[in-house]
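I opened this one to see how the chain is put together. These are my notes, in the order I looked things up.

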Amino acid sequence: MRIKIGKANDNDYVVNNPYVSRHHAQLSREPGGCLLLEDLDSANGTFVNEIQIMKKRITPTDTVRLGGAFILNISEVLKSRNDYSNEFAALKVIYDTYIEQKIKIQSSNQFKTRLFQSLPFALPGVIGVVFGFMGKGSSTLLGISLFVAVCAPTMGIYLGAKQSAKIPRQLQDLANQFKIDYVCPKCGTFLGELPWESLANKKQCPSCKAKWVIDE
């Protein structure tokens, strides 16, 4: 991929600025995905992070200046060739984080639900043993023990059900945010729950044809 930049209309990316040469610079993608910026013997020079260059590897976050004052937006230059590979690459973190959080919600809530439901059934037996040694047949302690034996399992079932009810809501909130974030960087179409690697194999958006992966 090569994008010629300059003031002349035959460039791939036309810059209408008096300090930019007719054929000022060229941006290309090297094998492996690195971006290479080259000055095409321009009159007023090409600068990366305020250092004049003839040829330099850059990233979309570098500050590129053509001539005296024109700041070149690398992301916009790439989009002129329908290249959204950098934005698409950032979606991998969004997908991986979504899966991790989904698993965490499910496993954490299942553990708490089981704990709430099982612990109260064991509690009366423990209390009964303790009271048996402490009370030596005391009717008061026996009454408390019976009360706990009846109420503890009921409370455990209630708390377990309450904890289980949180799972769908938490998963729904997570899914709603995922639908906002996991979209085509050009047209905004939700990409579903397909793994990022599967989408990368498609190389482009089926809706707007934005290029997600650039062939080397």
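**Overall layout**

I started with contact range: of the contacts in the protein chain with a separation of 6 or more, 45% are between residues 24 or more positions apart, where contact means heavy atoms within 4.5 Å. This is a predicted model, so I kept local features to pLDDT of at least 70 and side-chain atom pairs to pLDDT 80 or more, while totals for chains, interfaces and linings use all residues. Residues are numbered from 1 along each chain as its sequence is written, and side-chain values use heavy atoms, with hydrogens and water left out.

The protein chain has nine strands and four helices, and along the sequence they read β-β-β-β-β-β-β-β-β-α-α-α-α.

For surface, I used Shrake-Rupley areas with a 1.4 Å probe, where for residues only the protein chains shown count as cover. The accessible surface of the protein chain is about 13,000 Å², and carbon and sulfur atoms hold 58% of that. Of the 216 residues, 34% are buried; buried is under 20% relative accessible area, exposed is over 50%, and partly exposed lies in between (1.4 Å probe, protein chains only).

Is β3 buried or exposed? Five of the five residues in β3 (residues 25-29) are buried, so the rest of the structure largely encloses this strand. I checked both faces: A25, L27 and R29 are buried on one side, Q26 and S28 on the other.

Next I looked up pairing, which needs at least two DSSP bridges between two strands. β3 pairs with β1 (residues 2-6) in the antiparallel sense over four bridges, and I5 stands opposite A25 there. Five bridges join β3 to β4 (residues 35-39), also running antiparallel, with R29 opposite L35. β3 and β4 make a hairpin with five residues between them, and G32 in the turn has a positive phi of about 105°.

I also looked at Y13, which is in strand β2 (residues 13-14). Its C-alpha is 9.9 Å from that of L27, at 14 residues apart in sequence. Leaving aside neighbours within four places in sequence, Y13 is in contact with residues including I3, I5, L72 and V77.

I found an open sheet of four strands in the order β6-β5-β8-β9, with antiparallel pairing. Its edge strands are β6 (51-53) and β9 (70-72), each pairing on one side only. The twist averages 35° from one strand to the next, with axes as lines fitted to C-alpha atoms (for helices over the stretch in contact) and angles from 0 to 180 degrees between N-to-C directions. Within the sheet, β5 (residues 46-48) and β8 pair over three antiparallel bridges, and T46 stands opposite L66.

Then I zoomed in on R65, in β8 (residues 64-66). R65 has a relative accessible area of 14%, so I log this arginine as buried. What does the side chain of R65 make a polar contact with? The partner is the side chain of E50, at 3.0 Å; a polar contact is a pair of N or O atoms within 3.5 Å, where within protein one must be able to donate a hydrogen and the other to accept it, and residues adjacent in sequence count only if both atoms are side-chain atoms. The R65 side chain also reaches the backbone oxygen of G67 at 2.7 Å. Beyond four places in sequence, R65 is in contact with G45, T46, F47, E50, F70 and I71.

**Aromatic rings**

My search of the whole structure gave seven aromatic pairs. Rings of Phe, Tyr and Trp (its six-membered ring) pair if their centres lie within 6.5 Å; planes under 30 degrees apart are stacked, over 60 edge-to-face, the rest tilted. Y95 and F178 form a tilted pair, 6.3 Å centre to centre with 55° between the planes. Y95 lies in α2 (residues 85-135) and F178 in α3 (residues 139-181), so this pair ties together parts 83 residues apart in sequence.

The rings of Y95 and Y182 have centres 5.6 Å apart and planes at 35°, so that pair is tilted. Y182 lies in the loop between α3 and α4 (196-202), so the pair with Y95 in α2 ties together parts 87 residues apart in sequence. Y95 counts as buried at 10% relative accessibility, and Y182 counts as buried at 0%. My last entry is the cluster: Y95, Y98, F178, Y182 and F190 form one aromatic cluster.

Methods: Helices (H or I, at least four residues) and strands (E, at least two) are DSSP runs, numbered from the N terminus.
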